[in-house]
Amino acid sequence: MPRPLGELEDAVMTRVWQWNRPVTVREVLEDLQQERSIAYTTVMTVMDNLHQKGWVRREAEGRAYRYTAVSTRAAYSAALMNEAWSTSDNPAAALVAFFGMMSAEQREALRDAVRVVQYDDGSGADAAPEPAAPPVVEGESDERPQEPGR
């Protein structure tokens with residue numbers, strides 16, 4: 001399970017993930033400098049640390065390296081969520097509490113994800129699945145509230 005990224009590690013990885021191509025320390029530095037004062041050697045050390053931790057791979061290009069993400073931000077986020085959930089003494093209650101914190105947009109994304117997982121169940125079957133009811137989230141209803149007097 002990955003340890004959560006530190007604040008500067010996350011800032012660097014955000015750029016690597018967003019750009020989705022091999023990047024140099026100089027490119028990351030120049031982008032970070034738009035937000036904060038930071039030294040080249042600091043960014044170089046962070047990127048080397050990310051390489052040592054297995055977050056990025058690097059290829060030599062002249063006297064520098066080009067860094068590429070090993071996995072996606074989505075995979076990183078999923079691993080963090082899985083770790084938090086699996087260490088709970090009551091996983092069902094943890095999920096209910098988590099769902100209760102979600103915005104309407106996040107709940108819709110959850111419904112979409114459940115549909116994808118239900119469709120791609122790994123069985124290799126080509127038939128379309130039976131339509132499934134969306135997950136029930138406490139406090140949510142598909143019905144609009146009635147106005148008083150109706």
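The largest pocket holds about 320 Å³ of space. A pocket here is an open set of points on a 1 Å grid over the protein atoms alone, where a 1.4 Å probe fits, with protein on both sides within 12 Å along at least five of seven lines. Its volume is the space filled by probe spheres set on the points, which are joined across faces, edges and corners. The model is predicted: local features need pLDDT of at least 70 and side-chain atom pairs pLDDT 80 or more, while totals for chains, interfaces and linings use all residues. Residues are numbered from 1 along each chain, and side-chain values use heavy atoms, without hydrogens and water.

Select Ala78, Leu80, Met81, Asn82, Ala84, Trp85, Ala94, Leu95, Phe98 and Phe99, which line the largest pocket; lining residues have an atom within 4 Å of a point. Helices H4 (73-86) and H5 (91-101) each give two or more residues to this lining, and H4 supplies the largest share, six residues.

Next, select Thr24, Val25, Arg26, Tyr40, Met44, Asp48, Arg58, Arg63, Ala64, Tyr65 and Tyr67, the lining of the second largest pocket. Helix H2 (25-32), helix H3 (40-52) and strand E2 (64-69) each contribute two or more of these residues. The volume of this second pocket is about 170 Å³.

Finally, select helix H1, residues 7-19.

Notes: Helices (H or I, at least four residues) and strands (E, at least two) are DSSP runs, numbered from the N terminus. The expected span of a helix is 1.5 Å times one less than its number of residues.
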